[in-house]
Amino acid sequence: MTSPISSVVLGFLCLLCVLNDQGISITVAAAKTNSRVHIVYLGERQHDNPKLITDSHHDLLATIVGSKSLASELMVYSYRHGFSGFAAKLTEAQAQKCAELPDVVRVIPNTLYKLQTTRSWDFLGLSPQSPSSNILPSSNMGDGVIIGVLDTGIWPESKSFNEEGLGPVPSHWKGICESGEKFNATLHCNRKIIGARWFNDGILAEYGQPLNTSERTEFMSPRDAHGHGTHTASTAAGSFVTNVSYKGLGHGTVRGGAPNARLAVYKVCWNVLGGQCSGADMLKAFDEAIHDGVDVLSLSIGGSVPLYSDVDERDGIATGSFHAVARGITVVCAASNDGPSAQTVQNTSPWIITVAASTTDRAFPTSITLGNNKTFLGQAMFTGLEIGFTSLIYPESGGLQPTATGVCESLSLNKTMVSGKVVLCFTSLGRRRAVTSASATVKEAGGVGLIVGKNPTEGLYPCSDDFPCIEVDYEIGTRIAFYIRSTRYPLVKLNRSKTIVGKPILAKVAYFSSRGPNSAAPAILKPDIAAPGVNILAATSPLDSFVDAGYVMHSGTSMATPHVSGIVALLKALHPNWSPAAIRSALVTSAWRNGPSGLPIFAEGSPQKLTNPFDFGGGIVHPNAAANPGLVYDMGAADYMHYLCAMGYNNSAISRLTGQATTCPIMRPSILDINLPSITIPSLRNSITVTRTVTNVGDPKSVYEATIDPPLGTVVSVKPNPLVFNSTVQKLTFEITISTTHQMNTGYYFGSLTWTDRVHAVRIPLSMRTEFLQHFADDH
């Protein structure tokens with residue numbers, strides 16, 4: 001078994017943005033020649049001289065292929081900053097020979113994975129006009145912090161990347177701006193975009209075709225042809241831009257979470273097959289970012305279920321992020337867009353902050369007025385001309401036909417039936433595919449509008465050419481169908497969408513947001529946190545098919561991730577010595593469980609339900625509270641070693657990864673004792689005692705008392721209680737004992753443990769499942 005973070009993603013990973021319901025799947029590219037890209041992972045660097053490391057890589061490869069000149073030709077990348085290894089074109093025989101060398105941890109082939117604001121910051125309490133408790137001014141809006149974004153590049157001309165008001169480039173920056181096709185480093189980099197690089201040797205070697213064709217535009221440079229990277233970068237750290245809207249909706253000032261933070265752009269994803277990211281390219285970007293001096297890394301990228309283990313080199317995000325976190329860089333990743341199904345969350349390593357997507361308190365109601373003067377509200381992004389009273393039809397089948405023709409994804413219409421009319425249809429699909437398919441069919445048949453009855457979700461996109469396609473729930477859709485059936489000449493009027501914000505709108509976990517429990521390590525709670533990821537207005541590339549004057553609204557955990565990355569930048573500015581784990585703890589323990597409105601948060605699905613930790617971890621991120629959490633559940637190298645040993649990975653693999661000799665205990669340590677800001681017990685039978693350690697980051701003289709909300713059917717106790725801190729005692733360990741009263745297998749029940757000193761409420765989620773009859777053999 002190999003090292004957990006010798007896991008090297010050699011693949012193409014998904015950008016986690018919900019666009020036209022592009023599916024997320026894995027495709028392995030067939031080798032077109034006898035050689036293909038392999039990653040040779042050598043573990044931790046043996047010394048600090050990058051040139052010597054690269055020379056050693058060429059020497060090693062030369063022993064395999066027979067000459068240094070051929071080795072130089074076959075070398076794709078040398079990884080020399082965060083870890084040691086290289087990517088090279090090898091035949092299967094050469095790869096096998098290389099794998100047998102004593103210094104090589106593992107060799108694996110490159111696999112391919114398919115790529116997947118004006119309100120959100122105010123919703124989170126980070127408005128420049130907010131009270132003095134707002135951390136924007138105290139953090140100087142993230143000034144001095146560098147956010148590295150691994151994505152599709154950047155459109156540097158966007159107003160969101162202007163450098164107005166910014167001081168000098170942070171002194172700890174060691175990176176570069178790299179010129180390329182239609183990207184001039186001198187012209188396009190500034191005090192906001194301080195670094196811009198592009199990595200495509202991996203994808204070129206694997207894809208075997210030009211990336212720029214007549215069918216799709218791409219730039220051999222940091223310039224963004226897709227729009228995804230520009231959107232995520234501007235969400236994390238975009239400058240203030242006033243008077244922005246999307247087709248007139250959501251009007252206001254757009255900005256990033258840390259407007260004074262600096263951006264280092266690493267283009268690793270390319271505009272082919274909907275967007276593809278090579279694992280070899282990503283690892284090189286991680287390697288360079290570690291060297292360059294970034295403080296935060298933001299990745300709106302993921303793969304697919306089933307997950308790779310931490311020790312599987314194909315999970316390059318786990319590998320690269322481990323080395324980054326070991327050097328104090330906080331890594332923030334998307335949870336993926338495979339919700340609302342359980343066990344679909346990705347990027348589950350405990351050193352990563354994994355982000356789910358929520359809605360905000362903004363909606364775009366669109367009124368539908370029937371000929372009987374009854375008006376219903378749907379949701380849309382319709383900003384075209386109002387559709388005055390016109391004919392309304394529901395194309396349903398008659399007789400004994402088993403399938404109604406009013407199903408959106410299988411509409412069969414003719415112009416005589418539809419021309420000049422609005423069509424009602426229904427779909428059981430939660431994604432946008434049915435809406436876009438039906439709108440195209442109705443438009444082609446001469447219809448003037450579409451009403452879709454579906455399970456309600458908040459993620460919206462306009463239909464092409466501003467064609468009115470309005471979503472309603474099944475109840476409203478049924479009432480409209482009743483009306484159509486009740487009159488000979490049904491009529492309808494469709495009004496333009498409006499923007500409403502504030503108390504009438506309740507935030508929810510987004511339908512598409514991937515859910516726990518963690519399928520790789522169920523005792524590790526994932527996702528960690530939720531953030532706005534629905535209808536997020538931010539900058540984009542002019543080549544984005546949805547663009548409006550340089551800006552666009554997109555939805556996905558891709559959009560939620562840079563919200564957290566921006567908040568992490570603010571926290572880094574306030575607390576530069578906090579570890580990535582301390583920052584994660586502050587986010588989780590201070591999060592909104594009931595939403596800023598004080599009302600419980602629901603999770604979209606079928607049906608909607610009240611949220612639990614598998615939907616959103618600790619809750620919706622609460623930036624101002626995270627800046628002063630009181631206590632943190634910190635983790636360092638010893639804790640990650642505990643995790644790796646608890647997962648059963650072998651000593652040699654762990655040692656190579658960490659760069660120091662590691663021997664796991666003969667008796668495997670309990671994964672339940674990893675110092676996470678959560679407790680998840682997948683199999684509770686007998687009484688279990690777990691430990692946690694908290695570090696006081698508030699008033700040195702503090703007393704915290706425990707409040708326990710036990711999961712249904714469990715008994716939970718804590719000792720010691722209270723926790724007493726003073727000038728010499730700032731770290732305390734406590735035990736939590738949990739037992740069950742259930743006498744049968746159950747599902748998960750949820751509760752919480754909160755430490756409070758009457759100023760702070762440090763809450764961690766509890767998730768328990770009783771299992772007397774297990775689905776698999778107990779292997780610890």
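Predicted model: local features only at pLDDT ≥ 70, side-chain atom pairs only at ≥ 80, totals over all residues.
Tutor: Residues are numbered from 1 along each chain as its sequence is written, and side-chain values use heavy atoms, with hydrogens and water left out.

Student: Where is T54 found?

Tutor: T54 is in helix α1. Helices (H or I, at least four residues) and strands (E, at least two) are DSSP runs, numbered from the N terminus.

Student: What is T54 in contact with, leaving aside its neighbours within four places in sequence?

Tutor: Contact means heavy atoms within 4.5 Å. With those neighbours set aside, T54 is in contact with S78 and R80.

Student: What is R433 called, buried, exposed or partly exposed, and why?

Tutor: The relative accessible area of R433 is 48%, so R433 is partly exposed. R433 belongs to helix α12 (residues 433-444). R433 and C408 are 25 residues apart in sequence and 9.5 Å apart in space, C-alpha to C-alpha.

Student: Which residues of helix α3 are buried?

Tutor: In α3 (residues 92-99), the buried residues are Q94, A95 and C98.

Student: Why are they said to be on the same side of α3?

Tutor: They cover an arc of only 100 degrees around the axis, which puts them on the same side of α3. The arc is that of the directions from the helix axis to the C-beta atoms. On the other side of α3, E92 and A93 are exposed.

Student: What do the buried residues of α3 pack against?

Tutor: They pack against β2 (35-43), α1 (50-65), β4 (84-91) and β5 (106-109).

Student: At what angle do the axes of α1 and α3 cross?

Tutor: The axes cross at roughly 125 degrees and come within 9 Å. That makes α1 oblique to α3. Angles under 35 degrees count as roughly parallel, over 145 as roughly antiparallel, 65 to 115 as roughly perpendicular, and the rest as oblique. Axes are lines fitted to C-alpha atoms, for helices over the stretch in contact, and angles run from 0 to 180 degrees between N-to-C directions.

Student: Which residues make the contact between α1 and α3?

Tutor: L60, T63, I64 and V65 of α1 meet Q94, K97 and C98 of α3.

Student: What makes a set of residues a nonpolar core?

Tutor: The members are buried Ala, Val, Leu, Ile, Met, Phe, Trp, Tyr and Cys residues, joined through side-chain atoms within 4.5 Å. The largest nonpolar core has 80 residues, and L297 and W755 touch the most other members. Helix α9 (residues 279-292) gives the largest share of this core, seven residues. Apart from it lies another core of 58 residues, including A196 and L263.

Student: Where is the peptide bond cis, with omega near 5 degrees?

Tutor: That bond runs from G339 to P340. P340 lies in the loop between β15 (330-334) and β16 (353-358).

Student: What is the phi of N243?

Tutor: Phi of N243 is near 60 degrees, a positive value in a residue other than glycine. N243 lies in strand β8 (residues 241-246). Its relative accessible area is 60%, so N243 is exposed.

Terms used. Buried < 20%, exposed > 50% of the residue type's maximum accessible area, 1.4 Å probe, protein only.
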